[in-house]
2 protein chains.
Amino acid sequence: MAGTNTRKAAVLGGPAVVLVAPQLGENIGAAARAMLNCGLVDMRIVAPRDGWPNPRAASAASGADAVIARARLYATTEEAVADLAHVFATSARSRYMVKPVATPRHAAAAMRSFEAAGERCGILFGPERMGLTNEQIVLADTVITVPLNPAFSSLNLAQAVLLVGYEWYQAGDATPELVISNRGRYRGPAPKELLFNFFEHFEKALDEADFFRVDHKRPAMVRNLRNLFQRCLPTEQEVRTLHGIVTALTGRRKDGRARERGEE
Amino acid sequence: MAGTNTRKAAVLGGPAVVLVAPQLGENIGAAARAMLNCGLVDMRIVAPRDGWPNPRAASAASGADAVIARARLYATTEEAVADLAHVFATSARSRYMVKPVATPRHAAAAMRSFEAAGERCGILFGPERMGLTNEQIVLADTVITVPLNPAFSSLNLAQAVLLVGYEWYQAGDATPELVISNRGRYRGPAPKELLFNFFEHFEKALDEADFFRVDHKRPAMVRNLRNLFQRCLPTEQEVRTLHGIVTALTGRRKDGRARERGEE
C-alpha cells in the first residue's frame, strides 16, 4: 500500500551510513543491526576488503538483512557521497586540520535540520583498525568525535555506528523522559481523598493498638507516616490493598489476643 | 601516589553494572570494554551460566582486563545490589508493573545527582536471550528503556551497556558541542581587516581581468563573492594563501597573454 510505504519512509529515512574500506563481514552485519536499531537503512559500502556481497555480513545482520540487501557498493568514497549535501566523518583522533568537530548529539540535531530542509546527509565510518585517512576526512564538512573515557576511547565499527545512530534517533524521538509504566493501564495516583481516608483508617488502627505511646509525639509521627505513604503515589487499587492489609492485621491481632485469653 | 588514585576514582567511579545471569563469556568481555569506554569500572556478575572466572570474558575484554579482574561474583541479584541506594533495571519491554520508566538520558542525570549526594547507584542488565524477569525488575526503583526503532529494538548485552554508559558519561562531560579542530593550534578566524584587504586585492584582480563585464551587476556580484569567502571563516594563514593564489593566477594570466603576444 502506498500509504504504508510513505509512513515507513518517514519513520526510517535518515542519513546514509558510509562504511569506508570495512574489513570483516561480521562487522558490516553488526553495523547493519545497529543502523536498523536506530531506524537507519541507507548503507553504502566503499571498497570492502573481502568483496561484496559477503555472506558473513548477511548472517551477522540477523534480522537486519534488509539493510544488507539494500546496501550499495562504491569504488571510492567520492562516489559514495556524490549525491549528498552534508557529509560528516567519524574520528576518534583530532587532526591537524581546520574543520568543525561536533559531538554526536550536536551532529544529530544538525542532520535533523538539514533533512527537514530536504538536504541529504551521510556519515563516514573508517576501517576497523586505522579509521579514516586525512584524504577521506577532507571529504567531510564536519568531524564527529564521541566524547568517551580518554584513556580508553576506541570503539568497534558497530558500536560507533550505534552511538551516532542512537543520537540521530533521539533527536527525532518524542519518548517522555520519565513515565509510570503499566502497559497503558496506569491511570495515575489515587485522588488524595482516597489517600486521606486510608490515613484515617490506618491511624485509628494504630491508636487502638497503642502504637503512639507518647501523646505529644503523635503529630510528628503521623506526619512522617503520611509522608512515607504519599511518596509511593499509590493507585486506587493499591489504596484498596492497603485498607485490606490494615483490616487483616488488626483482625489477626484481635484474634491473637482472643486466643491468648483462651477465647475461641 | 595517593593524589593520583583520588583523581582516578573521581574520573572513573560511576554506577555499578550488574550483569544478571549472563550466558556467553564473550558478551561479558564486550560489556567490560563498553564499560571502560564510558569510565565505568564496577562490574558485578550474578550467577553466570558458564561459571567464573571465564577465560573467554578476559580475552574478549582486550584492553579492559582490569574491569574483568575487578569484577565481583554474586549468587543472587539481591546480594549484588545490597550496598546500593538506587537500582535501575534495563528492559526493552514494558511490564504490567506500576514503576517509573526513564530514558537512559534521564536516568543518567538522576544517577549523577544521586552520586553527587553520596548515594551509590547500580544498573541491572538481564541475560542475553530473555532479559530480566519480573522478580528481578521488582528489585529496581526505576526501569530504563532505550528509545529505539520499535520495529527492531533488541540490543545485545554490550550494546545495551554501551548506550546506558554513554549517557552516563555524557551527563558528566564538558566537551563543547562544536569546536574547530587543529590539535590546539587553531587561533580562530583572521581579523576582519585582513579579510577586507584580501577582498580589495581579489576584486582589483577581477576588475583588471574584466570579470564583471556589466558595471551595474558588479555590486551584487561583489557581495556574493565576499559572502562566499566570509562563510569559510579563513584563518590568517589561509588569507595569506588566498592572496598568493590571486597573485599567482594574475601573474600566470599576464605571462600567458605575454606568451600569446609572442613576448618572452
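Modeller: Contact here means heavy atoms within 4.5 Å. This is a predicted model, and among contacts in chain A between residues at least 6 apart in sequence, 83% join residues at least 24 apart.

Biologist: What share of the residues in chain A is buried, and what makes a residue count as buried?

Modeller: A residue is called buried when its relative accessible area is under 20%. Of the 264 residues in chain A, 44% are buried. Chain A has 11 helices and eight strands.

Biologist: Why is α6(A) called oblique to α8(A)?

Modeller: The axes of α6 (residues 104–116) and α8 (residues 157–171) of chain A come within 8 Å and cross at roughly 55 degrees. Angles under 35 degrees count as roughly parallel and those from 65 to 115 as roughly perpendicular; α6(A) is therefore oblique to α8(A). The crossing of α6(A) with α8(A) is right-handed.

Biologist: Which residues make the contact between α6(A) and α8(A)?

Modeller: From α6(A) come P104(A), R105(A), A108(A), A109(A), M111(A), R112(A) and E115(A), and from α8(A) come E167(A), W168(A), Y169(A) and A171(A). Seven residues of this contact are nonpolar, four are charged and none is polar.

Biologist: How do you know that the two copies are related as by a two-fold rotation axis?

Modeller: Two copies of a chain are related by a rotation about an axis and a shift along it. Chain B is superposed on chain A by a rotation of 180 degrees with 0.0 Å of shift along its axis, at an RMSD of 0.1 Å. The two copies are therefore related as by a two-fold rotation axis. The same surface serves both copies, as 98% of the contact residues of chain B recur in chain A.

How values were computed
Residues are numbered from 1 along each chain as its sequence is written. Chains are lettered from A and ligands numbered from 1 in the order in which they are written. This is a predicted model: local features need pLDDT of at least 70, side-chain atom pairs count only at pLDDT 80 or more; totals for chains, interfaces and linings use all residues. Side-chain values use heavy atoms; hydrogens and water are left out. Copies are superposed by least squares on the C-alpha atoms of residues with pLDDT of at least 70 in both. Axes are lines fitted to C-alpha atoms, for helices over the stretch in contact, and angles run from 0 to 180 degrees between N-to-C directions. Helices (H or I, at least four residues) and strands (E, at least two) are DSSP runs, numbered from the N terminus. Angles under 35 degrees count as roughly parallel, over 145 as roughly antiparallel, 65 to 115 as roughly perpendicular and the rest as oblique. A crossing is left-handed if the near helix is turned anticlockwise from the far one by less than a right angle, and right-handed if clockwise. Ala, Val, Leu, Ile, Met, Phe, Trp, Tyr, Cys and Pro count as nonpolar, Asp, Glu, Lys and Arg as charged, and the others, Gly among them, as polar. Buried means under 20% relative accessible area, exposed over 50%, partly exposed in between (1.4 Å probe, protein chains only).
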